[in-house]
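Here is a friendly walk through one protein model and its ligand. Please keep the sequence and the structure open beside you while you read.

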Amino acid sequence: MKLKELKEELNELPVEDKLNKLASFFPGKVIFTTSLGIEDQVITHKIFTNNLDIKVATLDTGRLFPQTYDVLSNTISRYKKKITVYFPEYESVEKMVSEKGPFSFFESKENRMECCRLRKVVPLNRALSGMDCWISGIRAGQSDDRKQLDWIEYDEHKKLFKFYPLFDWSLEDVENFIKENNVPYNSLHDKGYVSIGCEPCTRAVKPGQDFRSGRWWWENDGGKECGLHIK
Ligand code: SF4
């Protein structure tokens, strides 16, 4: 199926119907990777409560906040559904930490990208292997880089479709949905943490500050991505 056809099929449909159609177009080959952040919890809720044939997966980098593990645990308990957890390849992480120490990512951008690659990108690629469609919780309003994306795209590099169900949602829409549906969410969101990643590389931001400014704040060269979505 071509991107143009897919867009026409899905355009104007509610989020649940878009997800359901994708699941029927690509049976067993649609994956949603959740960071367990607030946007992703909305999508998890929609997938699980509608019993959609979409694999839900998350990456455990080994450096997550305890509060993030609480979300994982509470989500499994609430929906009684499986979330597949992908870990990094232990040998490469052991080598990196043995040679460079546990905080090498503070020392250079190169080290930081190496850590993100080993702990996130490599496991993500394993999760995406063999899939035709990848769902993610990106919103256009999160950053200027993300505004450049489209709500559905074809990733030539990974050879799959990428769909962002909440692309045109505001943060307020997301928060309202979470409250109205009593969806489990990360308590750090109530303490000024907006985009929540690994514990050493994430901090709270002040109201009105850029969505990604609490991530890798010691780097000042703009790009606040870890290589999962935007190169
Ligand atoms: S966010 Fe930090 S700890 Fe997590 S993978 Fe990237 S560099 Fe490593």
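The report below covers the ligand site, the nonpolar cores and a few individual residues.

This is a predicted model, in which local features need pLDDT of at least 70 and side-chain atom pairs count only at pLDDT 80 or more, while totals for chains, interfaces and linings use all residues. Residues are numbered from 1 along each chain as its sequence is written, and side-chain values use heavy atoms, with hydrogens and water left out.

**The ligand site**

Around the ligand you will find R63, F105, R112, C115, C116, R119, K120, C198, C201 and W216; a residue is listed if one of its heavy atoms lies within 4 Å of the molecule. This shell divides into six nonpolar residues, four charged ones and no polar ones. Here Ala, Val, Leu, Ile, Met, Phe, Trp, Tyr, Cys and Pro count as nonpolar, Asp, Glu, Lys and Arg as charged, and the others, Gly among them, as polar.

C201, one of the shell residues, is found in the segment after helix 8. Helices (H or I, at least four residues) and strands (E, at least two) are DSSP runs, numbered from the N terminus. C201 is in contact (heavy atoms within 4.5 Å) with F105, G214, R215, W216, W217 and W218, leaving aside neighbours within four places in sequence. The C-alpha atoms of C201 and G214 are separated by 8.0 Å, with the two residues 13 apart along the chain.

**The nonpolar cores**

In soluble globular proteins, nonpolar side chains tend to be buried together. A nonpolar core is a set of buried Ala, Val, Leu, Ile, Met, Phe, Trp, Tyr and Cys residues joined through side-chain atoms within 4.5 Å. The largest one has 39 residues, and L19, I47, I54, I135 and F163 have the most contacts inside it. Among the elements that give two or more residues to this core are helix 1 (3-10), helix 2 (15-25), strand 4 (133-135) and strand 6 (160-163). Helix 3 gives the most, with five residues.

Take F163 as an example: beyond its neighbours within four places in sequence, its contacts are K18, L19, L22, C133, W134, I135, S136, W151 and I152. A second, separate core of 12 residues includes Y86, L124, W134 and L228.

**Single residues to look at**

How exposed are the residues picked out here? The table gives relative accessible areas, where buried means under 20%, exposed over 50% and partly exposed in between (1.4 Å probe, protein chains only).

| Residue | Relative accessible area | Class |
|---|---|---|
| L36 | 3% | buried |
| I38 | 8% | buried |
| C201 | 8% | buried |
| Y69 | 32% | partly exposed |
| K159 | 51% | exposed |

L36 has a positive phi of about 70° although it is not a glycine, and it is found in the loop between strand 1 and helix 3. K159 also has a positive phi, of about 60°, and is not a glycine; its place is in the loop between strand 5 (152-155) and strand 6.

Y69 belongs to helix 4. Apart from neighbours within four places in sequence, Y69 is in contact with D60, G62 and L64.

I38 lies in helix 3. Not counting residues up to four places away in sequence, I38 touches V174, E175, I178 and H189. The C-alpha atoms of I38 and S77, 39 residues apart along the chain, are 17 Å from each other.
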